[in-house]
Amino acid sequence: MPVRDAVADDIEEICALIEEHAVYEDKHDLKLDRQEMAGFLFGPDPKAWVLLATPPGEPGKIAGFAFCSWNFSTWEARPGIWLDDLFVRPEHRRFGLGRELLDELSARTPGRVEWDMQEGNEKGEAFYAQLGAEPVPGWIRYRWRPHAR
């Protein structure tokens, strides 16, 4: 089950996966600007990176992705990975692709891999618990949009 780094030619598939994930999470109005996203991922100063997973026996097809950026923990004094999106298309689930993507992320950092999950996602909770991942107690996520004023 190959997992590979995305390349610029994958931008249409990456954006399609993000939009499909949004629909799966009941957000039906997300439409990404492919050129802008390509600049963020593959331009001279990339802001994020993507891993792609292919289904067993179908090397030309994309089954899922992990959309990531680097972070740094001062308390651990090491870099880590922020996983913004992990999505495997429903028809390709149960083949271990989500675990393959997470294993690859883990192999890329001496630090931690962290992500958010929407409350009420029982399948996600069960999947992450099976991997040994745990919710982080005592922390509340904040979001600041200074340019939105």
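User: Hi! Let's start with Arg 34: how accessible is it, buried or exposed or something in between?
Analyst: Hello! This is a predicted model, and in it Arg 34 counts as partly exposed, at 22% relative accessibility.

User: Which residue does the Arg 34 side chain meet in a salt bridge?
Analyst: That would be Glu 12, with an N to O distance of 3.1 Å. The pair links distant parts of the chain: Arg 34 sits in helix H2 (residues 34-42) and Glu 12 in helix H1 (residues 11-24), 22 residues apart. Glu 12 is partly exposed too, with a relative accessible area of 44%.

User: How many salt bridges are there in the whole structure?
Analyst: A search turns up 14. One of them joins Asp 45 to Lys 47, whose closest N and O atoms are 2.6 Å apart. Lys 47 counts as exposed at 52%, while Asp 45 is partly exposed at 49%.

User: What about Arg 141, which residue is its salt-bridge partner?
Analyst: Asp 116, with 2.4 Å between the closest N and O atoms.

User: Switching topic: how many disulfides does the structure hold?
Analyst: It holds 0. Cys 15 is in no disulfide, and the nearest cysteine sulfur, that of Cys 68, is 15 Å away. A disulfide needs the two sulfur atoms within 2.5 Å.

User: And is Cys 15 buried or exposed?
Analyst: Cys 15 is buried, with a relative accessible area of 0%. Cys 68 counts as buried as well, at 1%.

User: Now helix H3. Which of its residues are buried?
Analyst: In H3 (residues 97-107) they are Leu 97, Gly 98, Leu 101, Leu 102 and Leu 105. Seen down the helix axis, these buried residues fall within an arc of 140°, so they line one face of H3.

User: What covers them?
Analyst: The cover includes strands E1 (3-5), E2 (49-53), E3 (64-73), E4 (78-88) and E5 (113-115), along with helix H4 (122-131).

User: Last one: which residues form the nonpolar patch on the surface?
Analyst: Trp 75, Val 136 and Trp 139 form it, with about 470 Å² of accessible area together. Trp 75 is in the loop between E3 and E4, and Trp 75 is exposed at 75% relative accessible area.

Definitions and conventions. Residues are numbered from 1 along each chain as its sequence is written. This is a predicted model: local features need pLDDT of at least 70, side-chain atom pairs count only at pLDDT 80 or more; totals for chains, interfaces and linings use all residues. Side-chain values use heavy atoms; hydrogens and water are left out. Buried means under 20% relative accessible area, exposed over 50%, partly exposed in between (1.4 Å probe, protein chains only). Helices (H or I, at least four residues) and strands (E, at least two) are DSSP runs, numbered from the N terminus. The arc is that of the directions from the helix axis to the C-beta atoms. Contact means heavy atoms within 4.5 Å. Patches are made of residues with over 30% relative accessible area and no salt bridge: like charges are joined within 9 Å, nonpolar side chains (Val, Leu, Ile, Met, Phe, Trp, Tyr) within 5 Å. Accessible areas come from the Shrake-Rupley method with a 1.4 Å probe; for residues, only the protein chains shown count as cover. A salt bridge is a side-chain nitrogen of Lys or Arg within 4 Å of a carboxyl oxygen of Asp or Glu.
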